[in-house]
Amino acid sequence: MEYNNAEFLFETEVPQDQLIVSRTDLKGIITYANDTFLEISGYTKEELIGKQHNVVRHPDMPSAIFQNLWDTIREGKQWSGNVKNLRKDKGFYWVHATISGVYKDDVLVEYKSIRVPLSLEEKLKSQKEYDQLKKNNNEKTRHIIYK
Ligand SMILES: Cc1cc2nc3c(=O)[nH]c(=O)nc-3n(C[C@H](O)[C@H](O)[C@H](O)COP(=O)(O)O)c2cc1C
């Protein structure tokens, strides 16, 4: 694991008994975020609604994961995977996300995401896997500096 910025190292714990929920339009613009999402991400509702969902994208996440996410949900399938997200204060939180379409009268109208916490082992496994994926794709990885 490599980091270049100590400010990225503060983790927010995701509660076991609550779901982090959001919905987007078909272009990935946030249309709804529940109170747990607001609390964990550190944003207000006003700051999130109308923004692209990449507002919480963490720089440690490889592009290939999101490419796979969009390819999967655009085919009408459900995607699930581990995601490291960026808080407003540049801290982070890990979730296991499940994302799929919302249908009205059989027509796809939105996407929804439901997120639950990860164990420490799962976080470490995903971090290593994502670091490797970034390296394989020549994406910038970060270097840790302890002072
Ligand atoms: C319903 C839904 C929820 C999403 N949730 C997240 C999320 O929690 N974190 C995230 O980084 N991307 C999430 N995405 C993916 C973003 O739309 C975006 O593809 C990703 O942040 C990568 O940003 P980029 O496409 O600008 O590279 C979500 C997409 C959808 C449709």
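Q: In this predicted model, what makes the arrangement of the five strands a sheet, and in which order do the strands stand?
A: The five strands form an open sheet in the order 2-1-5-4-3, with antiparallel pairing. Within it, Ser22 stands opposite Ala33 in strand 2.

Q: Why are strand 2 and strand 3 said to stand at the edges?
A: Each of them has a single partner strand, so one side of strand 2 and one side of strand 3 is left without a neighbour in the sheet. Neighbouring strands of this sheet are turned by 30 degrees against each other on average, direction ignored.

Q: Which residues have the most contacts inside the largest nonpolar core?
A: They are Val14, Ile20, Ile40, Tyr93 and Val95, in a core of 17 residues. Strand 2 (30-33), helix 1 (35-41), strand 3 (79-86) and strand 4 (92-104) each supply at least two residues of this core, and strand 4 gives the most, with four.

Q: What makes up the shell around the ligand, by class?
A: The shell has eight nonpolar, eight polar and two charged residues. Of the 18 residues that surround the ligand, the closest are Gly28, His53, Asn54, Arg57 and Ser113; Arg57 belongs to the charged class, because Arg counts as charged.

Key
Residues numbered from 1 in each chain as written. Predicted model: local features only at pLDDT ≥ 70, side-chain atom pairs only at ≥ 80, totals over all residues. Core = buried A, V, L, I, M, F, W, Y, C linked by C-beta atoms within 7 Å. Buried ≥ 20, exposed ≤ 12 C-beta atoms within 10 Å, placed from the backbone. Near = placed C-beta within 6 Å. Pairing = 2+ DSSP bridges. Axes fitted to C-alpha atoms, helices over the stretch in contact; angles between N-to-C directions.
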